Amino acid sequence: MRRRRGVLLTAALLAQLAAGPSHAVTSVPPAWDPVDQCGVVRSGDTPLGGAEVTLYRAGDGQGGAPQVLARARSGADGRFSLGYRRPDDPRAVLYVLADLPRSGERGVQDGPVVLAAVLSGAEAPPELVVNERTTVAVAYALARFTGPAGISGTGPGLRNAAAVAHNLADTGTGGIAATLAAPPNGDRTSTLAAFNTLADLLAACVTGGACDQLFDLARRPGRERPRDTLRAAVDIAHDPGHNAAALYDLAATTPSYLPALPAAPEAWTVALRYDGNGRELDGPGNIAFDRDGNAWVTNNYEYGADPAVPVCGGRAVLRFTPTGRDVPGGPFRGGGLYGAGFGVTVDARGSAWVANFGFQGSGCPIDPTPLERSVSQFAPDGAPLSPPEGWRRGGIAQPQGMAADRAGTVWVANCGGDSVTRIPDGDATRAQEVPTPGLQKPFGAAVDPAGRLWATGNGSDSVQVLAPDGTPERTVTGGGLRRPLAVATDSRGNAWVSNSGILPVPCGDTTARELADAAVGGDDGPRPGASVTLIGADGTPAPEPFVNGGLFLPWGIAVDGEDTVWVANFGGHRVARLCGTDLTACPPGFRTGQPISPPDTGYPSDGLERNTGLQIDPSGNVWLVNNWRTVPVQTNPGGHELVVLVGAAAPVPTPVLGGPGRP
């Protein structure tokens with residue numbers, strides 16, 4: 001990128017100057033620093049001339065109108081140059097659309113070919129490449145911010161989404177971005193090949209002329225048919241399981257980008273894996289997002305690369321940026337943290353709370369018993385706020401699930417104590433134990449929009465509801481509750497519970513070995529009782545649980561900004577997606593609980609292992625943790641990655657403090 005000081009001379013201004021005194025310019029715009037951005041539009045290696053190239057600033061707020069910053073037309077060699085003034089706000093999202101006119105209609109926009117690239121979120125390259133790869137990156141990363149009028153949205157979700165686009169495509173070369181090209185991605189998963197095949201799919205329209213076929217196949221049920229290649233890719237990102245095989249067949253007609261998929265996928269999800277510095281994740285248990293979309297991640301164990309060598313309990317909480325990098329200064333240690341499990345939350349003030357379950361391998365010199373009776377607290381900057389022994393008041397015992405509400409209260413599910421701990425106003429010195437006679441092995445915890453706590457009992461096949469002050473309101477049984485694990489609430493106050501059907505959580509008299517024995521062998525098919533239970537806001541469960549959609553040892557569960565339900569599985573390498581209570585967000589004719597993901601397989605990915613936690617960020621990315629390896633070796637069973645389904649869900653404001661809400 002080049003900068004020049006002085007006045008930006010437009011074509012009209014140059015014409016006036018050349019005309020002589022009778023056409024002299026009467027006023028000169030004030031001087032400022034213009035920016036020249038050169039670029040090229042192409043399909044594969046083929047330059048695309050005659051494209052109307054427009055640089056936009058994304059609109060503010062949902063449905064906000066984008067602002068045109070510059071326009072140019074690509075030459076016969078595909079090259080263009082954009083002169084514009086950089087917005088004063090450094091957080092502004094800038095993007096380029098290249099609109100190719102229909103044959104014989106030079107200058108007519110709204111043609112079937114629209115290619116895109118994000119200019120912000122990373123340092124601008126000397127030459128911007130706009131092609132099918134950069135278009136797929138925009139379509140997926142910004143799927144939830146792209147509408148008929150262009151790209152718009154709120155921060156931090158929109159800004160973070162623009163940055164994630166640069167994890168997929170390199171806008172300086174039009175090639176694969178470094179994050180997608182290298183381990184733990186690259187040739188270790190099929191995502192790179194799937195991404196290339198999606199680019200081939202767009203090329204079938206751009207150079208192959210198969211636009212009508214693409215738009216017919218990409219059209220989401222009950223939605224308007226897409227009119228251009230960018231919108232077609234966005235629609236595929238929204239409903240990746242729709243017409244998956246037929247879309248693959250179309251992509252195979254134009255093999256421009258390699259390597260490509262050798263066979264049709266079950267769904268066109270784009271799953272990125274993040275591993276930080278590659279030497280820190282070992283048994284990540286769960287995730288909580290702060291207001292900026294950074295991910296706080298628990299770790300069962302200290303990192304060890306060799307699965308045959310035992311490791312002791314993790315002593316750090318990790319914090320990743322929205323693009324999967326370590327936040328400066330992290331990981332964070334101290335505050336009594338040791339062997340954290342499923343419990344992590346971010347409160348209304350931005351403090352992160354971690355439940356110290358006491359996970360560790362054999363032969364460790366540490367007695368975990370006192371440590372597993374505490375929680376740790378960290379300031380927004382990662383500084384420990386809890387003492388070296390952790391916070392221990394309020395009957396904390398082998399804590400697992402945690403949740404926070406808008407009033408600042410933090411809740412802890414005591415898996416080893418058959419109770420929950422209520423920490424009012426985030427003041428751990430005032431923590432109080434709240435007995436839960438309706439629960440055995442309390443595990444999952446979630447707060448609804450009314451501030452009530454919902455807690456699952458893995459050992460009692462039940463859910464208990466407590467008022468914001470801790471008063472028990474109701475114990476729920478039936479509805480298919482069987483070995484329940486996680487719970488999430490939707491915007492209407494309903495609760496959604498994942499039923500593993502068989503997994504006994506390792507607390508009290510249950511060991512991690514028993515958990516492993518229950519899970520191993522389950523990869524041959526879904527286990528009995530694997531389901532999701534819907535409990536109404538009044539505490540009444542649906543008559544029957546929901547099955548299918550890829551449910552397979554369900555564990556983590558989350559509700560997105562459209563009240564659609566997402567479920568992680570401790571087996572099967574898949575994610576399930578169910579229609580929620582807002583039927584307008586589901587395909588026409590769908591019922592609450594009906595699977596949107598393919599009924600038999602869900603959204604599969606070879607980047608997934610045994611997944612526990614699942615959460616959704618402000619950009620609509622679905623984050624999962626590879627908690628254990630598929631066939632765990634008990635000396636060090638921990639997995640080493642986070643997995644992110646890019647742009648798959650409707651964004652939610654974070655931290656989640658009672659129902660998902662909408663940005």
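Which side chains are joined by a polar contact of 3.3 Å? They are those of Arg452 and Glu473, where a polar contact is a pair of N or O atoms within 3.5 Å, within protein one able to donate a hydrogen and the other to accept it, and residues adjacent in sequence count only if both atoms are side-chain atoms.

## Basis of the values

This is a predicted model, in which local features need pLDDT of at least 70 and side-chain atom pairs count only at pLDDT 80 or more, while totals for chains, interfaces and linings use all residues. Residues are numbered from 1 along each chain as its sequence is written, and side-chain values use heavy atoms, with hydrogens and water left out.

Arg452 sits in the loop between β27 and β28; strands (E, at least two residues) and helices (H or I, at least four) are DSSP runs, numbered from the N terminus. At 16% relative accessibility, Arg452 counts as buried (buried is under 20% relative accessible area, exposed over 50%, partly exposed in between, with a 1.4 Å probe and protein chains only). The side chain of Arg452 also reaches the backbone oxygen of Ala537, at 2.8 Å. Leaving aside neighbours within four places in sequence, the residues in contact with Arg452 include Val465, Leu466, Ala467, Pro468, Gly493 and Ala537; contact means heavy atoms within 4.5 Å.

Arg452 forms a salt bridge with Asp448, with 2.8 Å between the closest N and O atoms. A salt bridge is a side-chain nitrogen of Lys or Arg within 4 Å of a carboxyl oxygen of Asp or Glu. Asp448 is buried, at 1% relative accessibility. Glu473 forms a salt bridge with Arg452 too, the closest N and O atoms being 3.3 Å apart. Because Glu473 lies in strand β30 (residues 472-476) and Arg452 in the loop between β27 (442-447) and β28 (453-457), this pair ties together parts that are 21 residues apart in sequence. Glu473 is partly exposed, with a relative accessible area of 45%.

## Other salt bridges

Over the whole structure, a search finds 16 salt bridges. Side chains of opposite charge can pair when their charged atoms come close. Arg225 is partly exposed at a relative accessible area of 29%, and Asp212 is partly exposed at 48%. A network of salt bridges links Asp77, Arg79 and Glu127.

Helix α7 is largely enclosed by the rest of the structure, because nine of its ten residues are buried. Among the buried residues are Thr229, Leu230, Asp235 and His238. At the start of α7, a side-chain oxygen of Asp228 comes to within 3.0 Å of the backbone nitrogen of Leu230.

The largest share of the lining of the largest pocket, five residues, comes from α7. On a 1 Å grid over the protein atoms alone, a pocket is an open set of points with protein on both sides within 12 Å along at least five of seven lines, a cavity is a set where a 1.4 Å probe fits but cannot get out, and lining residues have an atom within 4 Å of a point. The largest pocket holds about 1,500 Å³ of space, a volume being the space filled by probe spheres set on grid points joined across faces, edges and corners. Its lining has 48 residues, with Thr146, Gly147, Pro148, Gly150 and Arg231 nearest the centre. By class, the lining of the largest pocket has 17 nonpolar, 16 polar and 15 charged residues. Ala, Val, Leu, Ile, Met, Phe, Trp, Tyr, Cys and Pro count as nonpolar, Asp, Glu, Lys and Arg as charged, and the others, Gly among them, as polar.

## Cavities

Six cavities of 30 Å³ or more are found in the whole structure. The largest cavity has a volume of about 510 Å³. Of the 36 residues that line the largest cavity, Met402, Ala445, Ala446, Gln615 and Val656 are the closest to its centre. The elements giving two or more residues to this lining include β23 (399-404), β27 and β38 (610-616). The lining of the largest cavity has 25 nonpolar, eleven polar and no charged residues.

## Ala542

Ala542 lies in the loop between β33 (531-535) and β34 (554-559) and is buried, with a relative accessible area of 16%. Beyond its neighbours within four places in sequence, Ala542 is in contact with Gly479 and Leu534. The C-alpha atoms of Ala542 and Gly479 are separated by 5.6 Å, although the two residues are 63 apart along the chain.
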